[in-house]
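Please read it alongside the coordinates, topic by topic.

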There are 2 protein chains.
Amino acid sequence: MQYFNYDKLFDFGVRLLTGKGVPKSKAEYISGIVVDTEAIGITTHGVAAFQFFDNEVGVNIDPKAAPKIIKEKDATALIDGNSAFGQLSMKLAKELAVKKAKKSGIAMIGVRNGFWLGALATHLISLVEQGFFAQLWAQNSTCKDCAPYGGIDPRFSTNPVALAFPTNKDPMIADISTAAMSMSKVNQLIRDGRKADDKLFLDKDGNPTDDPNAFPKGGTILFFGGDKQGYKGYAFSLWCEALTAMAGGDCNNPGAKPRQSFNLLVIDPEAFAGMDYYQKEMKRFIEHVKSSRVRKGFSGIRIPGDKTIRKLNEAKSKGIPLGEFMIEKLTAVAVKNNLSFP
Amino acid sequence: MQYFNYDKLFDFGVRLLTGKGVPKSKAEYISGIVVDTEAIGITTHGVAAFQFFDNEVGVNIDPKAAPKIIKEKDATALIDGNSAFGQLSMKLAKELAVKKAKKSGIAMIGVRNGFWLGALATHLISLVEQGFFAQLWAQNSTCKDCAPYGGIDPRFSTNPVALAFPTNKDPMIADISTAAMSMSKVNQLIRDGRKADDKLFLDKDGNPTDDPNAFPKGGTILFFGGDKQGYKGYAFSLWCEALTAMAGGDCNNPGAKPRQSFNLLVIDPEAFAGMDYYQKEMKRFIEHVKSSRVRKGFSGIRIPGDKTIRKLNEAKSKGIPLGEFMIEKLTAVAVKNNLSFP
């Protein structure tokens, strides 16, 4: 484990991307999202993205492309990701959503045909900091991760959802896979030679197992809820797919182009009872929640993601820890692109 | 098990409610929702509601009250349930949402201070039949059902969410508790002398158990995801609470008045890529999903709630089955109110 300066990691990302033809202001936005994700502790979806960009930019991702607005109504917009970075579609979606939610109370932006957003949570930070609620669903067109509930063959990606809302203090920011775990966690288990803490996979014949190696051998990950309640995770995942079809994207189809679709909902609490009542009631409620006795094996009662913004600020002053595995991978990316690695 | 004529059960509900001072057109709407819920097979939240009404109408529920619109924007409205039937708040919320979604693309209606809606799924049927997506979250102010993740003491109701969308054929209508099970299912297990199929409860000291009797002895129900992934169900439940605060309602507070808040989101697919693309892609996708091999122990691949509308139509022609337990309860309600029971 080694600590890296936030600005130097950010600068590395910018140099990598501009070297591949991405305009500087866009490279800065994208690198910022990537380094922030690492900074808030979602290490599976953080600076690992620089490897993804190294492989994809100029191959599948068009470094000069910009997402396009296809259609707008008072409270909605439809964006075509136009084979550009998913981060740029998200930036545009957030700008439109904030403008529309301020006017109409809420806004929903549907996006098709983009690339990997990385962790959903990171994108919602600026929205809760402005006092909005946000809900974000994402879907991948080609992944073979999860079988329908009761089935054996993969028909879904690990389709995640993120939920965020402000409180009187730290916002909640939750990032949830509709599968029992994200693909990055499956790979982590395999690398570490560990099993899952339950039978969360099916092997290629549909037998439940806790062995992550069943996955690369043609198995699948069960939905969130596992063997007995996976029908609930399945319903959430189907919702992601239906939003994709609604946005004109490709629902799961291993023969399609690998693209990500997402759906962003932004809500302005001022359109309802207003911030004063909201914050007062949330203060009382969160104190009530935190007054519960704590179970053996837990260190306290948390609100999901309540350390996100503190972690981000800390990373900017104290640096970001990276493990040997990631340092090695990024050093290889640096060498390949004739860049120095911090 | 005995079959009852749909119209006769409906008429029983209307007579019960009008006898308690509910205006006839409102009694008909409410009884229709209740009998439809039984008809679609959600027997835990169906005609059992007639018992609830027998106890509550004229005591807590004002039979003459009507919900009030507090605030409106292009795509939002805030309703005060005004101690009226939750079903009437929902009726108003749906009317407003459909009108606004047609104009603005989507609509969100926040409702506070209402009474028990029963099963969420039933309310969404008319919305998907009109071609809309719908998402509905509900919360109860006073229930002591679930502890915060990592905690022991109850701070949440079983806060449910329902998701519905049309397809080219049968719509998906999923109704999901953010707890590992609904309260009605806990009571069912206790009545049947059965255990849960996993350790889905905590006893009063925070020890996991599969015994539902731990609940009435001061225990709690774990969140959806159980002991290991319950932090996900916890996040969904917190979202329900935050929407309640946003609507000016009471987040969980055993000292407050027992009320239900809900939040309805309605989406018009025509505001995005439109129905033609949507239905074509959903047809392909659902065929892809259903082409999966089926696991041992399952009879086929289903889309959640895809039999809802068929069940409703069948119940209208063939009748609705009720068990001895429910027949006894409703007969007692009939006797108490000087009504004949079908």
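A charge is taken to sit over a ring if NZ of Lys or CZ of Arg is within 6 Å of the ring centre and within 35 degrees of the ring normal. In this sense the charged end of B:R191 sits over the ring of B:F325, 4.0 Å from its centre. The model is a predicted one, and a search of the whole structure gives 32 salt bridges, 38 aromatic pairs and 0 disulfides over all chains.

**Charges over rings**

- Besides the contact of B:R191 with the ring of B:F325, the charged end of B:K91 is placed over the ring of B:Y29, at 5.6 Å from the ring centre.

**Salt bridges**

- In chain A, A:E72 and A:K100 form a salt bridge whose closest N and O atoms are 2.8 Å apart; the pair links distant parts of the chain, with A:E72 in strand β2 (residues 68-72) and A:K100 in helix α4 (residues 86-104), 28 residues apart.
- A:D192 forms a salt bridge with A:R194, and here the closest N and O atoms are 3.5 Å apart; A:D192 counts as partly exposed at 42% relative accessibility, and A:R194 counts as partly exposed at 47%.
- In chain B, a salt bridge joins B:D170 to B:R310, with 3.0 Å between the closest N and O atoms; because B:D170 lies in the loop between β6 (160-165) and β7 (172-177) of chain B and B:R310 in helix α9 (residues 308-318), the pair ties together parts that are 140 residues apart in sequence.
- A network of salt bridges links A:K20, A:D54 and A:K336.

**Cysteines**

- The structure holds 0 disulfides over all chains, and A:C240 accordingly is in no disulfide, the nearest cysteine sulfur being that of A:C251, 10 Å away.
- A:C240 is buried, with a relative accessible area of 2%.
- The sulfur of B:C143 is 9.6 Å from the closest cysteine sulfur, which belongs to B:C146, and this is too far for a bond, since a disulfide requires the two sulfur atoms to be within 2.5 Å.
- B:C143 counts as partly exposed, at 25% relative accessibility.

**Aromatic pairs and cluster**

- The count of aromatic pairs over all chains is 38, and among them is the pair of A:F156 and A:F223, which is edge-to-face because the ring centres are 5.4 Å apart and the planes stand at 75 degrees.
- This pair links distant parts of chain A, since A:F156 is in the loop between β5 (133-140) and β6 (160-165) and A:F223 in the loop between β10 (220-221) and α7 (226-246), 67 residues apart; A:F156 and A:F223 are both buried.
- In chain B, B:F12 and B:F341 form an edge-to-face aromatic pair, at 5.0 Å centre to centre and with 85 degrees between the planes.
- B:F12 belongs to helix α1 (residues 6-19) of chain B and B:F341 to the segment after α10 (324-336), so that distant parts of the chain, 329 residues apart, are linked by the pair; B:F12 and B:F341 are both buried.
- One aromatic cluster contains residues from chain A and chain B, namely A:F133, A:W137, A:F165, A:F236, A:W239, A:Y278, B:F133, B:W137, B:F165, B:F236, B:W239 and B:Y278.

**Strand β5 of chain B**

- Strand β5 (residues 133-140) of chain B is largely enclosed by the rest of the structure, because 8 of its 8 residues are buried.
- Both faces of β5(B) are covered, with B:F133, B:Q135, B:W137 and B:Q139 buried on one side and B:A134, B:L136, B:A138 and B:N140 buried on the other.
- β5(B) runs antiparallel to strand β11 (residues 260-267) of chain B, to which 8 bridges join it, and the bridge partner of B:A138 in β11(B) is B:F262.
- β5(B) also pairs with β6(B) in the antiparallel sense, over 4 bridges, and in β6(B) it is B:A164 that stands opposite B:A134.

Notes
Residues numbered from 1 in each chain as written. Chains lettered and ligands numbered in written order. Predicted model: local features only at pLDDT ≥ 70, side-chain atom pairs only at ≥ 80, totals over all residues. Heavy atoms only, no water. Salt bridge = Lys/Arg side-chain N within 4 Å of Asp/Glu carboxyl O. Helix = DSSP H or I, 4+ residues; strand = E, 2+ residues; numbered from the N terminus. Buried < 20%, exposed > 50% of the residue type's maximum accessible area, 1.4 Å probe, protein only. Phe/Tyr/Trp six-rings, centres within 6.5 Å; stacked < 30°, edge-to-face > 60°. Pairing = 2+ DSSP bridges.
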